[in-house]
Amino acid sequence: MREFFIAVFSFLLIILFPTLSSASVSVPYKTETLTADGNVIETQTAYVPIGLFAKGTEIVNPEDIYIDQEGYIYVADSGTKTVTKFDNEGNVIKVYGTDVLNQPMGVHADRNGDVYVADYGNQKVFKFQEDGDLDEEYARPESPLFGKNAPYKPEKVSVDKRGNIYIIGESANNGIIQLSQDGTFLGYYGANTLPPSVGTFVQDMITTQRQKANLFMKEPPASGNISIDEQGLVYTVTSGTSWEAIRKLNIAGGNVLPSDMTEENNLVDISVGSIGNIYTIGNDGIIYEYDSSGNLLFSFGGKTNENNRLGLTMQPSSIEVDEVGRLYVTDREQGNIQVYEPTEFTTVLHQGLALFEEGYYVESEKYWNEILRLNSSFGLAHTAKGEALYKQQQYDEALKEFELANDKGDYSNAFWEIRYRWLESNLASAFMIIFAFFTARFAIRYADKKKNILEPARRKTKKFKSQSLVKELLFLTRFIKHPIDSVYYLKNYERVSILSATLLYLVLVVEYLLTIYWTGFLFTNRILENVNFFFEIGTVLIPLLLFIVVNYLVSTITDGEGKFRDVYIGTIYSLAPIILFLLPVTLISNVLTFNEAFIYTFSMQIIIVWSVIILFTTIKEIHDFTFWGTVRNILVTLFGMFLTVLVFFVLYVLFDQVIDFVISIIEEVILRV
């Protein structure tokens with residue numbers, strides 16, 4: 001059935017709209033998409049403008065547009081103070097609200113053909129019958145639950161399958177106003193939220209609901225527009241914030257889309273297509289298309305200062321999509337409605353998405369192959385193709401696609417299957433190798449006990465360990481078990497040298513660089529192509545050297561007993577857990593899935609905490625401070641590091657300005673000469 005729908009869908013696009021295949025048509029804007037790494041890249045043209053809708057009809061200031069299930073198009077026009085119903089060819093079918101409407105801002109038509117109009121000027125929502133007769137007026141609710149001082153200035157309106165009315169009102173911060181068919185106030189739905197912050201968290205922790213009501217609290221902005229899809233899910237857009245600017249609401253009014261799915265804070269309208277794709281438009285004329293999960297597919301369009309510049313708008317006010325994927329955009333300033341048609345590239349993408357959304361991953365693979373042939377950087381196509389391969393149990397190929405898509409969740413699932421297969425095939429051999437190892441170990445130890453066969457090796461090992469530099473480097477392991485005694489020997493008996501400490505600093509830098517390349521894909525967000533060796537080396541060495549210098553200076557002022565040599569050596573030896581265990585944990589990350597992620601994260605936390613405790617103990621013993629004296633010393637050291645960085649930053653800015661000033665003077669002199 002789904003394949004039949006796709007075939008009909010494609011037939012309509014190609015037969016009814018032959019310009020669809022013209023993907024190479026010149027357009028006055030570029031189309032962009034996101035790669036799997038989150039980078040914006042230019043891609044094939046997704047939609048081409050094909051003309052103006054209802055060009056011969058008087059449209060003055062179109063505020064909202066809506067397309068019903070029969071394909072009829074409704075336009076709310078605040079200039080003519082009417083709502084006009086068109087067929088899909090632009091012929092006028094009916095005009096609503098003559099001598100009734102004042103400033104119509106929003107329109108919606110239900111399954112029965114009744115037309116709802118949000119009239120900002122009259123501060124009412126009007127319901128007209130299909131024949132144009134006024135049927136109902138929804139004025140300000142009289143229910144005390146609505147709020148005595150709550151504003152009621154309807155701007156947009158929508159109606160669900162049950163006939164409940166959803167009203168977007170100006171400054172309606174409490175949420176979407178929900179009314180029944182008889183005008184009864186049902187409550188507020190889907191109120192916007194503020195982005196989390198330390199202040200709001202603390203306030204929520206220490207105040208009750210009654211106390212919050214008495215506090216002057218910042219309110220989130222009100223929703224700006226609304227759309228309801230065929231399943232009855234409510235979508236909203238909010239201008240003035242990028243936090244949950246696009247929302248898809250569940251029954252409880254909670255957002256099910258990612259809170260940070262867009263950085264745009266100027267969105268004016270939203271619409272939902274037949275396969276669940278989300279379309280939004282900003283007041284800058286940019287149109288955005290997302291899939292049903294909130295992944296960006298395309299952005300295109302823009303603003304113009306020229307009248308009738310096809311494809312660009314001056315003051316976009318609304319967007320709508322019909323059943324075959326054509327977009328309609330109203331322009332309040334130019335008084336027109338532009339129509340955009342999907343290209344062949346977009347049609348193939350929609351065909352793949354339609355199957356993918358229904359769970360037909362294998363059937364959708366051919367469409368994703370075509371998308372990747374045209375644009376190999378299209379991240380969503382890699383994810384979808386990976387799903388198709390995963391369903392066919394081609395886990396190795398799926399793993400590669402998920403890695404290209406930067407899809408860590410599905411990558412983990414595919415890797416789990418690969419690892420499980422490997423264990424099934426090799427577990428017996430692995431046990432045999434382990435058994436052989438321990439058997440050989442036991443036999444060698446037994447033979448050594450009888451005939452002392454390992455004595456030559458022990459002598460060589462002992463001779464190697466007795467070398468001065470090797471002995472100093474091996475002293476690192478003593479810090480793991482006995483940090484206090486180790487500091488005592490380091491300070492009073494000079495068991496280690498500047499040379500060994502410097503070598504360990506180099507080892508730490510090398511290990512850090514290796515972790516960048518060797519950490520498992522699931523546990524890193526690094527893009528290896530963007531790694532700068534010098535920057536990464538500075539990331540390790542600069543904070544350590546700054547800590548050593550500032551701590552020595554601070555300790556000298558506060559009567560610390562440690563020498564610079566002691567602080568320099570003690571700092572790196574205190575990082576013994578990191579030096580000894582960082583690489584093993586990093587290598588282990590390559591054989592783990594998200595199910596065992598705690599092994600990696602907990603191990604890294606233990607290593608870091610362990611090193612911090614040893615460093616604290618080392619500073620305390622080197623300078624002979626008390627516990628609280630050491631705490632104060634470290635806090636002052638950190639503050640001193642901050643001040644040092646700040647001073648260098650200020651000097652850098654001043655020096656940069658001086659250079660620019662000198663260069664500008666030289667250029668001016670050269671120009672005059």
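**A residue and its surroundings**

Tutor: In this predicted model, V650 counts as partly exposed because its relative accessibility is 42%, where buried means under 20%, exposed over 50% and partly exposed in between (1.4 Å probe, protein chains only). Residues are numbered from 1 along each chain as its sequence is written. Local features need pLDDT of at least 70 and side-chain atom pairs count only at pLDDT 80 or more, while totals for chains, interfaces and linings use all residues, and side-chain values use heavy atoms, without hydrogens and water.

Student: Which helix does V650 lie in?

Tutor: V650 belongs to helix α18, residues 627-672; helices are DSSP runs of H or I with at least four residues, and strands are runs of E with at least two, numbered from the N terminus.

Student: Switching topic, in what order do the 4 strands of the open sheet come?

Tutor: The order is β8-β9-β10-β11, with antiparallel pairing, and two strands pair if DSSP finds at least two bridges between them.

Student: Which strands stand at the edges?

Tutor: β8 (104-109) and β11 (134-138) do, each with a single partner strand, so one side of each has no neighbour in the sheet.

Student: How many bridges join β8 and β9?

Tutor: β8 pairs with β9 (residues 115-119) in the antiparallel sense over 5 bridges, and P104 has D119 in β9 as its bridge partner.

Student: And what do β14 and β15 form?

Tutor: They form a hairpin with 5 residues between them, and G183 in the turn has a positive phi of about 95°. Strands β14 (residues 176-179) and β15 (residues 185-189) pair antiparallel over 4 bridges, with L179 opposite F185.
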